[in-house]
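Hello,

Here is the structure I promised to pass on. My notes follow it.

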Amino acid sequence: MLVAVRISFNSGKSRSTFQSPSMRWYWGDPVGSVWHDDSLHTAMANTLKLAALCMLIAVPLGVAMAIGLQRWRSKLAAASNGLMLVPIVTPELVFGVALFIVFTQVYTGLPGGLFTQLLGHVTFTMSFVVIIVRGRLIAIGDQYEQAARDLGATRLQAIRLVLLPMLGPAIFASLMVTFATSVDDFVISSFLSTGAATETVPIKIYSGARAGSTPALNALATVMLFITLTVVGVAGLVLRRMRRQGAGDAGLTSLTA
């Protein structure tokens, strides 16, 4: 990774040897730099838009499914729990081919491009959300909801006022995992892409690398790496603050008791 980042600062077009440091491929070159290349702008915008929409859709659906599957007691629930693991244990190549067949031969009336890519990403990442949130639900148990119900809260009030705040760290972790998975995805995005207008950064880097491109792709990858590391760093700080706040609330509760 450090070598790829260093190559992005080359003054020349070599992507194999170190040259004198330069910001040419970030904004110095008026044609091929990340700042001036519209195709690179499009790939970056598509990637971030896809990841943001995937977070907004997959995480609420995954949280709702995790709560329902954890609280639902029937034979059908066991089958549903196993079904949620299918996207994770299935090779991504097989998953991408299956989605491609569905959207091109079964549901042919759906708009292609970003819409089908979003459906594919949501379908794939929602299983991670369910697993993360269910792990937190198992650790919490149902005694807090029962206590809220005993004190007069309705089922929805117990979920909204008691359960969801306790699921905060798991929900936040799900958001970060969904973002990272969507940004990094290549197979599903490439199978459901309809051309240059729907290219994401992984697709752009792959197609550009095969064509023998300039270090501008390294610069683009470096920018996305910086964004991802920033998001992960902020996530770590927020989770640490949540843990400290939770420990402080627990200590205050014990002292009050």
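What covers the buried residues of helix 6? The cover includes helix 5 (86–89), helix 7 (114–140) and helix 11 (187–192).

First, the ground rules. This is a predicted model, where local features need pLDDT of at least 70 and side-chain atom pairs count only at pLDDT 80 or more, while totals for chains, interfaces and linings use all residues. Residues are numbered from 1 along each chain as its sequence is written, and side-chain values use heavy atoms, with hydrogens and water left out.

The overall picture: the protein chain has 13 helices and zero strands (DSSP runs numbered from the N terminus; helices are H or I, at least four residues, and strands E, at least two). Its C-alpha trace spans about 70 × 50 × 25 Å along the principal axes. Of its 257 residues, 35% count as buried (under 20% relative accessible area; exposed is over 50%, partly exposed in between, with a 1.4 Å probe and protein chains only).

Now helix 6. Its buried residues are Phe95, Gly96, Leu99 and Phe103.

One more contact (heavy atoms within 4.5 Å) is worth a look. Val63, Ile67 and Arg71 in helix 3 meet Ile159, Leu163 and Leu164 in helix 9.

Best wishes
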